[in-house]
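Work through the exercises below with the sequence and the model open side by side. Each task is followed by a solution that goes step by step.

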Amino acid sequence: METTANANLWIVAVNVVIWTGLFLYLLRLGKRLREMEKEK
Amino acid sequence: MKTLLAWLLWLWMCLVIVGAFFYAPVVLQGFRTPGSSRIVFFHVPMAWSSFIGFIAAAVWSLLYLIRRNPRHDRAAAVAIEIGLLFGILATLTGAMWARIEWGAWWNWDPRQTSILAVILFYGAYLALRQSVEEPEKRARLAAAYALLGLAVTPFLFWVVPRITFSLHPDPVVNRSGKVDMDAANEQVLFASGFGFAALFFWMQNLQCRLEALAERRAALKE
């Protein structure tokens, strides 16, 4: 039971890291786009 | 404001992930390996987002045909690209789950077959866009094709898997056409569906702006 809980914790942690990476990438892209839109 | 909304969406999706593993109970009905039922919270919303993309593309295509604004054509094409991305992700995650649950990556289950048909249908849309050089003609033909998707997509997504025998578990694909789960599972599933839909529109917005900039840059070079 404890092993399943530990495994789930690991899966949640990896998922959160992947989502955080995706969000940071999209936020950075949005920021860069705003800058380029201002430049034109 | 937009940054705040993005972080709220991040928080929302983190809560969905935690909820999927520590709040929603595993679904026993219809699953040989109940622990694998958690894939529902990610795999199904991906398929829903793909459907949203194809329907949104049909709406933008209709708008293009009425107003002839290139922005609508671009929005439709981008919606299909991202819809395809989510559709392929749903198919891949489904195949991984099928390997665990059914013992094979691909089983020609009606749901698998119908999503493959949808992917091929919209793959042909992208091929059509590539094959026409004149921008206005390309936009007009692509819009007519995407509008055809308004009939094809709901049929393949919602009707085919429900009128034929499916290996998919009853709580998700059944003849009543409703998700049949307990309250906690439904809450996480719909919360995830909302999060994925928001992610879809965010990515759509970024890609449209990116393509608009690229087009403007190309026009300036000419």
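**Exercise 1.** Find which residues B:Ala76 touches, not counting residues up to four places away in sequence.

*Solution.* Two residues are in contact if their C-beta atoms, placed from the backbone, lie within 7 Å. By that criterion B:Ala76 touches B:Ala57, B:Trp60, B:Ser61, B:Tyr64, B:Ala143 and B:Ala146. The model is predicted, so local features need pLDDT of at least 70 and side-chain atom pairs count only at pLDDT 80 or more, while totals for chains, interfaces and linings use all residues. Residues are numbered from 1 along each chain as its sequence is written, and chains are lettered from A and ligands numbered from 1 in the order in which they are written.

**Exercise 2.** Determine how many residues the largest nonpolar core has, and which element gives the largest share.

*Solution.* A nonpolar core is a set of buried Ala, Val, Leu, Ile, Met, Phe, Trp, Tyr and Cys residues joined through C-beta atoms within 7 Å. The largest one has 49 residues, and B:Ala76 is among those with the most contacts inside it. Helix H2 (40–67) of chain B is one of the elements that give two or more residues to this core, and H2(B) contributes the largest share, 14 residues. Helices are DSSP runs of H or I with at least four residues, numbered from the N terminus.

**Exercise 3.** Decide why B:Gly193 counts as buried.

*Solution.* A residue is buried if 20 or more other C-beta atoms, placed from the backbone, lie within 10 Å of its own. B:Gly193, in helix H6 (residues 183–221) of chain B, counts as buried because it has 20 C-beta neighbours inside 10 Å. B:Gly193 also touches B:Pro45 and B:Trp48, not counting residues up to four places away in sequence.

Note on methods:
A residue is buried if 20 or more other C-beta atoms lie within 10 Å of its own, exposed if 12 or fewer, and partly exposed in between; C-beta atoms are placed from the backbone.
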